[in-house]
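Look at the model below.

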Amino acid sequence: METRLCESERRFMELVWQNEPLGSKKLSELALAELGWKKSTAFTMLRRLIDKGFLKNENSTVSSLVGRDEVRRCESAHVVDSGFGGSLPAFVAAFTSSRPLSEAEAEELRRLIDESRRRSDG
């Protein structure tokens, strides 16, 4: 399954992730209030995301089938693969060349790297 979202799909999914489970009527009201979308636009997006396997709508109750973290993982991997030839160091170098890391950010990255290495060794 394709687990990347276009910007409008992501914005709609954020409404679901933040409020799920929720009624489809309530979702269309949130889409109007938060995104400025008409009811027909919200229901079109709902149908699209159901068809793509991201959402389900059972008895007019909408909930996600794919979590925010899973989408982020897949999209991040796609950026590294397509934009940096699969090289995570090249991605980090490009990112950090535009702005320096704070000490807290550098420490968090060290911790994440150490955790990843422990998982791959274990």
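Does E107 count as exposed, partly exposed or buried? At 45% relative accessibility, E107 counts as partly exposed; buried means under 20% relative accessible area, exposed over 50%, and partly exposed in between, with a 1.4 Å probe and protein chains only. This is a predicted model, in which local features need pLDDT of at least 70 and side-chain atom pairs count only at pLDDT 80 or more, while totals for chains, interfaces and linings use all residues. Residues are numbered from 1 along each chain as its sequence is written, and side-chain values use heavy atoms, with hydrogens and water left out.

E107 forms a salt bridge with R110, the closest N and O atoms being 3.1 Å apart. A salt bridge here is a side-chain nitrogen of Lys or Arg within 4 Å of a carboxyl oxygen of Asp or Glu. The two residues are separated by about one helical turn, because they are three residues apart in helix α6. Helices (H or I, at least four residues) and strands (E, at least two) are DSSP runs, numbered from the N terminus. R110 is partly exposed as well, with a relative accessible area of 41%.

Now the core. The largest nonpolar core has 21 residues, and F12, L27, L49, F54 and L55 have the most contacts inside it. Such a core is a set of buried Ala, Val, Leu, Ile, Met, Phe, Trp, Tyr and Cys residues joined through side-chain atoms within 4.5 Å. Two or more residues come from each of α1 (7-19), α2 (24-35) and α3 (39-51), and α1 gives the most, with five. L27 touches F12, L15, V16, L22, L46 and V62, when residues up to four places away in sequence are not counted; contact means heavy atoms within 4.5 Å.

The buried residues of α1 include E9, which has a relative accessible area of 4%. E9 meets K52 in a salt bridge of 3.0 Å, N to O. E9 lies in helix α1 and K52 in the loop between α3 and β2, so the pair ties together parts that are 43 residues apart in sequence. E9 also forms a salt bridge with R48, with the closest N and O atoms 3.4 Å apart; R48 is in helix α3, 39 residues from E9.
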